[in-house]
Amino acid sequence: MENFLSRYRNVSILVAVLFAQVLGLAVQVKRSTENESTRLIRVWTVSAVSPLEKAIVWFQSGTSNLWHSYVYLRGVRQENRELKDEIEKLRLERVRLVDDAEQARRLQALLGFKEQYISKTIAAQVIGSSGSEQSRSVYIDKGSSQGLEKDMPVITADGVIGRVLKVYPSTSQVLLINDQTSGVGAILEQSRLQGILRGTPAGEVILEKVMSDETVQPGEKVLTSGGDQIFPKGLPIGTVSKVTAGPEVFLNVRVRPATNLNKLEEVLVITRKEERSATVAETAPARAVDILSQRLPSVPDKPRESAAVGSAKTAGAPNRTAGSVPAPQAPAVAKGIKDGAPKSNEAPSTGDAMPGPKVPPVAKSAKGGTAGTDSASTPTPGSVKPAIAQKPAPPAVKVSQQVPNPASAPPKPKPEQQPVVAPVPPGDKPQ
Amino acid sequence: MPITYTSQEQVEVYRFSAPAAVLIPLTALFLQAFLPLRLHFFSIFDLPLLVVIFFAVARRSQVSGLLTGAAIGLLQDSLTHHPIGVYGIAKTVVGFGASSLGVKLDVENLGARVLVTLFFYVVHEFVYFLVARGLVGLTLEWSWSHELGSAFANAILAAIVFTLLDRFKLRA
């Protein structure tokens, strides 16, 4: 035996070293399902490599800033003008979006939705990569000392890039979404189909678990679904680039990431998410039925005339069309909405009682009751139309129709009683 | 043909100073981790592998070659998120093979270096593929065109890198 070992010393050492590594691999693979601690060799290597990377990135960005901020200022004036123009455009757009967001928040509150808000982020610089085509991960210059933890989402202004995989004192490893071991809960923006976003060995990104009988169009945006409990819902991930038939009954949906994962420089780590539902205060000016009557597909579909009849007859509310003549009882309600001060008996206060995302109770309330108060019965949306149309009231017919002859119209209300354009539901109650 | 069969006495054995033996692999690891961020095409290169081949061929000691390969491979593994040992095993095999070849053949000239790198790059990728698929369970796809393209690219880079590293060689 001794002769054998001495004769084949080199080969014996090779076998021993390989055996030790295979054994080590086996132990790691077995433990990989558990919450393994970081290996010391990783800490050593990262500690040895990252300071140099940080220094180079710092020097590089410093030099670049110096050049672009103090020396190379060609075209800055023109750019400034263009940016000011863009700000003006964005301001206008913002007004519209704020309005939409407020409406969405009111709906969420009424339907009992909870949403995750990004409440704190930390900006970090990408300083290095894994250096392997099989391990698509990058290192950032923030670690546990800055409050980073495992599984925190990492994003850029364009979209999601990955999650924190390992945390070291002053650096962290981020697993990119195009790595084959990553997984992100995703949803298609238009079709609302959900799936799991994974990377491929070639570094592409695909959306899995979309059934082959569904229709997915190239160009559709892919967002986070929030189902993975890591990424907040609604963050952009990418765009569908190609759809082919996949294995078994699923589609092979290829996604082009919103962020160029090969050219990452600065990223944001989401360090705190807050889960809260919109408060009643945020629902202030409008009521559940106001919003739902505007947004639910079943309600706006009905003929304009009958809708107006229903709205005026059942509740005596003014027509939503600007310039039309309000019903006698309407101005008080309209004024209340306009003033933005909901009365204590208005629907928002009952919004909390709404049992989750159930639409029918609201539809029921549109029949004659107050929103959310009657949640026991759940009529189908189709049952709403007849209910509204069953209560005709002659004066309101005149109100809702465009009256060609002003002389035959009812007397106009005082200016402060003019109805606002804000949505008024068919089931509105006079105050 | 640049590769010539030589007796062991004819082949020169080199050694490296301690700082060079430590800093060259670390620099290779650093460049491998840093450059692909700025130059994405650099990810097809494997600088640590080139260093393993260079040390193994220059030292012409199988034990030294395999240990150098194992050490550099394990360090490279620790930068990835996969279990430690995949690159370690692949580079151990390459270190042993390259040093075994260095004992038998004179691979000091340019043509020999290119051919040796070409061959060992494919060996490295094959062993990595086997270990990653068989032991770790990674889903990898073997593409001859990709592997051969990368092997040629690494062989050309090796010709340059080996020339630079020759400056650190010391006669044993």
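Analyst: Welcome! Accessible areas here come from the Shrake-Rupley method with a 1.4 Å probe, and for residues only the protein chains shown count as cover. On that basis, the accessible surface of chain A comes to about 23600 Å², with 55% of it belonging to carbon and sulfur atoms. This is a predicted model, where local features need pLDDT of at least 70 and side-chain atom pairs count only at pLDDT 80 or more, while totals for chains, interfaces and linings use all residues. Residues are numbered from 1 along each chain as its sequence is written, chains are lettered from A and ligands numbered from 1 in the order in which they are written, and side-chain values use heavy atoms, leaving out hydrogens and water.

User: What makes R91(A) and E88(A) a salt bridge?

Analyst: The term needs a side-chain nitrogen of Lys or Arg within 4 Å of a carboxyl oxygen of Asp or Glu. The closest N and O atoms of R91(A) and E88(A) are 3.1 Å apart, so the pair qualifies. Both residues lie in helix α4 of chain A, 3 residues apart, about one turn of the helix.

User: Why is E88(A) called partly exposed?

Analyst: Buried means under 20% relative accessible area and exposed over 50%, with partly exposed in between (1.4 Å probe, protein chains only). E88(A) has 43%, so it is partly exposed.

User: How do you know that R198(A) and E208(A) pair up?

Analyst: Their closest N and O atoms are 3.0 Å apart, forming a salt bridge. This pair links distant parts of the chain, with R198(A) in strand β7 and E208(A) in strand β8, 10 residues apart. At 24% relative accessibility, E208(A) counts as partly exposed.

Conventions: Helix = DSSP H or I, 4+ residues; strand = E, 2+ residues; numbered from the N terminus.
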